[in-house]
Amino acid sequence: MAARGERPDGRTRPREVQGFRHGRVPRAVRARQLVECAEALFLERGLQAVSVEDVCRATGVSRPVFYDHFDSLTGAYIACVRRIRVEFQEMVVAEMAGTETAELSVLFQVAGEAFFSLIEQDPRRWALFYGFPGLYGEAAEQLESLREDSVQVIAALISARRPELSEADVMVAAQMISGGGEQLGRWWLRHRGEASRDDVIGAYRRYTSAALHSM
């Protein structure tokens, strides 16, 4: 006998999604629901232990609906990472918009506080940000493309504050803010008991500023 709230085939019974009845859910709302569900499953089980059918069953949609939004399960995972990165980028842009200084060390501080605050709020979720082992080919290229998008956002912010810097110097600074923060965040996810958020942000600012002191 099917569990309460499930159909005989094991799928969740059709339900409202943000007030929209099943069959009348706008595409953007359905896509967000699928991404949120896929993200929850990835966090719980890991990428390799989740199937397209798992996502369909949890959301009560058919496989054609899933494939209408994503070309594969990996595509859904990439969408999860994209959403996390967009949240970070929007937070950095908002924080830097309220900082008038052109001093790069202050920009490092702002970016660091945004990034590590988000990690602290939900460390399990941010594990998705770094990717699962075994991703290669197009999936790996898409993850790298998302990382480069973040770098370009930071580069634009730096260039607007320091127009005298060469394009190469701007890209070096942006790569250090992004790459250095990501690697430090990866370490902090595993060793949060060894350093507080403020300790990590302070070290991040000191070392990146020292490396770029001549800019």
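Is Asp198 buried or exposed? With a relative accessibility of 55%, Asp198 counts as exposed, where exposed stands for over 50% relative accessible area, buried for under 20% and partly exposed for what lies in between (1.4 Å probe, protein chains only).

## Basis of the model

This is a predicted model, in which local features need pLDDT of at least 70 and side-chain atom pairs count only at pLDDT 80 or more, while totals for chains, interfaces and linings use all residues. Residues are numbered from 1 along each chain as its sequence is written, and side-chain values use heavy atoms, with hydrogens and water left out.

## Overall fold

The protein chain contains 9 helices and 0 strands, and along the sequence its pattern reads α-α-α-α-α-α-α-α-α; helices (H or I, at least four residues) and strands (E, at least two) are DSSP runs, numbered from the N terminus. Of the 215 residues in the protein chain, 44% are buried. When contacts (heavy atoms within 4.5 Å) are taken between residues at least 6 apart in sequence, 66% of them join residues at least 24 apart.

## Packing of helix 7 and helix 8

Two packed helices are described by the angle between their axes and the distance between the axes. For helix 7 (residues 138–161) and helix 8 (residues 167–190) the angle is about 130° and the axes are 8 Å apart, the axes being lines fitted to C-alpha atoms over the stretch in contact, with angles running from 0 to 180 degrees between N-to-C directions. Helix 7 and helix 8 are therefore oblique to each other, since angles under 35 degrees count as roughly parallel, over 145 as roughly antiparallel, 65 to 115 as roughly perpendicular and the rest as oblique.

The crossing of these two helices is right-handed, a term used if the near helix is turned clockwise from the far one by less than a right angle, with anticlockwise giving left-handed. Residues making the contact include Arg147, Val151, Ile154 and Ile158 of helix 7, together with Val170, Met171, Ile177 and Glu182 of helix 8. By class, the residues of the contact comprise 9 nonpolar, 5 polar and 3 charged, where Ala, Val, Leu, Ile, Met, Phe, Trp, Tyr, Cys and Pro count as nonpolar, Asp, Glu, Lys and Arg as charged, and the others, Gly among them, as polar.

## Salt bridges

The structure holds 14 salt bridges, each a side-chain nitrogen of Lys or Arg within 4 Å of a carboxyl oxygen of Asp or Glu. One of them pairs Arg197 with Asp198 at 3.9 Å, N to O, and here Arg197 is partly exposed at 27% relative accessibility. Salt bridges that share partners also join Glu36, Glu39, Arg83, Glu87 and Arg125 into one network.

Within helix 7, Glu144 and Arg147 lie 3 residues apart, about one turn of the helix, and their side chains meet in a salt bridge (3.4 Å, N to O); Glu144 is partly exposed at 41%, whereas Arg147 is buried at 17%. In helix 2 (residues 52–59), Asp54 and Arg57 are separated by about one helical turn because they are 3 residues apart, and they form a salt bridge whose closest N and O atoms are 3.4 Å apart. Asp54 is buried at 16% relative accessibility, while Arg57 is partly exposed at 30%.

## Surroundings of Val52

Val52 also belongs to helix 2 and counts as buried, with 9% relative accessibility. Leaving aside residues up to four places away in sequence, Val52 touches Arg63, Phe66, Tyr67 and Leu73. From C-alpha to C-alpha, Val52 and Ala38 are 8.9 Å apart in space, and they are 14 residues apart in sequence.
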